[in-house]
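Trainee: Could you walk me through reading a helix that sits on a sheet? I'd like the general idea, then the case here.

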Amino acid sequence: MPLLGKAAVAMWWNVRLEQHSEFGDWHSHEHFPERMSIPGFRRGSRWTSMHDAGGFFVLYELEQYETLTSRGYLERLNAPTPWSTKMMPHHLDMVRSQCRVVASFGGGVATSLTTIRLSPQVTKDAELKTALAEKLGALVSMPGLTGAHLLITDPPTTSTPTTEQQIRGSDGTADWILLVSGYDPEAMQNVVAGRFSFPALHLLGAQKNSTIGRYELAFTMTPQDIATM
């Protein structure tokens, strides 16, 4: 799953089980097509947690970093549809990060994904970035794996709370993000446990507060799909 651009929006949240049916309809049939119609949006994917029945991860891949402050995107964020206005309060414990793509390896669309949220130790930024890029590049040819990526959160300095954010309430933010994708969940789990465990990441220069999540693909869309809907 090579990332299709130089920037991304990575989001984690929970939805109560009684809202899942309507959430899936809204997110697939209105929200994704709306986002994919914005210039600079290259692909969106929604993933369901393998551990938390209400957990989701969503990734928007953007052509350029400047898409984050583009007129088209900000207009959408500040003018949510009635259906979006209804659904936004159900995005619980939202973590939303606007990111630069630092390293991206692999190909194809995967069915399984592991996300790792981490932060560098003080003065270890460059050392950690180099070590992670080297390790990620070596993963994509391993059995069961197809992609590996490093994102670093870099919110635009001019960003202010949008209407959607005000509806949801305060969003959390991840710092650095590792994405490991593949077609064999067990193989991926073994690789992550061996190469990206908390002690292993700490030795590379990460702090000890990493968060790991495992997901399976629920839906994906590109701008080319909108014409067929």
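Trainee: Which residues of H6 are exposed?

Mentor: Exposed means over 50% relative accessible area, buried under 20%, and partly exposed in between (1.4 Å probe, protein chains only). Here Glu186, Asn190, Ala193 and Gly194 are exposed. This is a predicted model: local features need pLDDT of at least 70, side-chain atom pairs pLDDT 80 or more, while totals for chains, interfaces and linings use all residues. Residues are numbered from 1 along each chain as its sequence is written, and side-chain values use heavy atoms, leaving out hydrogens and water.

Trainee: And which residues of H6 are buried?

Mentor: Ala187, Met188, Val191 and Val192. They share one side of H6 because they cover an arc of only 130 degrees around the axis, taken from the directions from the helix axis to the C-beta atoms.

Trainee: What do those buried residues pack against?

Mentor: They pack against E5, E6, E7 and E8, where contact means heavy atoms within 4.5 Å. Helices (H or I, at least four residues) and strands (E, at least two) are DSSP runs, numbered from the N terminus.

Trainee: How are the strands arranged?

Mentor: Strands pair if DSSP finds at least two bridges between them. Eight strands close into a barrel with antiparallel pairing, in the order E1-E3-E2-E8-E5-E7-E6-E4. For instance, six bridges join E5 (residues 112-118) to E8 (residues 211-221), and Leu113 has Tyr215 in E8 as its bridge partner.

Trainee: What caps the N-terminal end of H6?

Mentor: Asp184 does, with a side-chain oxygen 3.1 Å from the backbone nitrogen of Glu186.

Conventions. A polar contact is a pair of N or O atoms within 3.5 Å; within protein, one must be able to donate a hydrogen and the other to accept it, and residues adjacent in sequence count only if both atoms are side-chain atoms.
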